[in-house]
Amino acid sequence: MTAETETRPTITRTIDARGSFCPGPLMELIRAIREGAVGDVIAVRSSDSGSKIDIPKWIEKAGHRLIAVDNRDGFDEIIVEKAR
Amino acid sequence: MDEPLNLVLFSGTDDKLQAAAVLAAGAAALGKPVNVFLQYWALDAFRRDRIDRDHGLAPEAGPEGRTHVDDLRKAGQASWSETLRQAKDLGSIDIQACSLSMDLLGISESDLDPLVDGVEGVTAFYLNAGEGHMVFI
């Protein structure tokens with residue numbers, strides 16, 4: 001999954017939601033998406049095991065673009081582009 | 001997704017209120033309107049001067065459950081009231097106190113935390129609930 005790193009858009013903002021429990025990371029991401037502009041690329045880091053499932057589902061439903069879900073050491077990083 | 005999620009909160013222990021707050025926040029995150037109706041001991045927990053105190057746990061928690069809940073809190077879990085505050089910020093969550101329960105507890109609207117939007121009777125709650133799911137906690 002990290003092989004395509006060089007083709008990825010630059011991350012505009014990183015939200016460190018590690019240590020926050022469900023649904024905290026998603027709520028933090030939603031707030032950041034609202035504050036951002038279309039085209040912004042936001043990375044959210046979460047140590048909650050539900051986020052890697054929940055956040056991509058929310059992104060799809062909300063009509064944004066999922067760029068990557070990376071499993072890091074002790075957390076997941078989900079990258080999303082604000083599409084609307 | 002237009003039909004609301006309707007949560008009737010009866011229990012006033014922190015574990016049940018936490019579970020309810022998470023359900024409300026998840027629905028709000030999806031853009032689903034949420035109606036919360038506070039009855040009995042849940043309403044008591046929303047009193048302005050009591051909302052931040054320890055409300056205990058459901059009997060089935062036992063000492064082991066108490067330890068698990070305390071550990072999660074120490075690890076940084078937001079309280080149920082804080083989760084609800086954040087969720088209200090994200091989406092449409094309307095929290096109403098049951099008027100009968102207000103009479104039962106002998107309290108007035110000024111005794112309630114600002115998280116509570118108003119006081120209504122059960123009929124108004126049902127009318128607002130529409131065809132959405134009804135959950136009793």
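Two strands are said to pair if DSSP finds at least two bridges between them. In the predicted model described here, strand β2 (residues 41–46) of chain A and strand β4 (residues 76–81) of chain A are joined by 6 bridges and run antiparallel. Within this part of the model, I42(A) stands opposite V80(A), a residue of β4(A).

These two strands belong to an open sheet of 4 strands in chain A, in which the order is β1-β2-β4-β3 and the pairing is mixed. The edges of the sheet are formed by β1 (13–16) and β3 (65–71) of chain A, each of which pairs on one side only. On average, and with direction ignored, neighbouring strands of the sheet are turned by 15° against each other.

In total, chain A has 2 helices and 4 strands, and from the N terminus on its elements follow the pattern β-α-β-α-β-β. Helix α1(A) lies across β1 and β2 of chain A, and its direction is at about 165° to that of β2(A). Helix α2(A) also packs on the sheet, where it touches β2, β3 and β4 of chain A. The direction of α2(A) makes about 5° with that of β4(A).

The two helices of chain A were also examined as a pair. Two packed helices are described by the angle between their axes and the distance between the axes. For helix α1 (residues 24–35) of chain A and helix α2 (residues 51–62) of chain A, the axes come within 10 Å and cross at roughly 35°. This crossing of α1(A) and α2(A) is right-handed. On the side of α1(A), the residues involved are P25(A), L26(A) and L29(A), which meet S51(A), D54(A), I55(A) and W58(A) of α2(A). By class, the residues of this contact between α1(A) and α2(A) comprise 5 nonpolar, 1 polar and 1 charged.

The overall form of chain A was then considered. A compact globule with 84 residues would have a radius of gyration near 12 Å, and because chain A has 12 Å, its value agrees with that expectation. Along its principal axes, the C-alpha trace of chain A spans about 30 × 25 × 20 Å. Of the 84 residues of chain A, 35% count as buried. Contacts in chain A between residues at least 6 apart in sequence were also classified by separation, and 61% of them join residues at least 24 apart.

In chain B, one residue was examined individually. D89(B) is located in helix α4 (residues 80–90) of chain B. A residue is buried if 20 or more other C-beta atoms lie within 10 Å of its own, and exposed if 12 or fewer do. D89(B) has 13 other C-beta atoms within 10 Å and is therefore partly exposed. Between D89(B) and T13(B) there is a separation of 76 residues in sequence, and the two are 24 Å apart in space, C-alpha to C-alpha.

Methods: Residues are numbered from 1 along each chain as its sequence is written. Chains are lettered from A and ligands numbered from 1 in the order in which they are written. This is a predicted model: local features need pLDDT of at least 70, side-chain atom pairs count only at pLDDT 80 or more; totals for chains, interfaces and linings use all residues. Axes are lines fitted to C-alpha atoms, for helices over the stretch in contact, and angles run from 0 to 180 degrees between N-to-C directions. A crossing is left-handed if the near helix is turned anticlockwise from the far one by less than a right angle, and right-handed if clockwise. Two residues are in contact if their C-beta atoms, placed from the backbone, lie within 7 Å. Ala, Val, Leu, Ile, Met, Phe, Trp, Tyr, Cys and Pro count as nonpolar, Asp, Glu, Lys and Arg as charged, and the others, Gly among them, as polar. The radius of gyration is taken over C-alpha atoms; the globule rule is 2.2 Å times the number of residues to the power 0.38.
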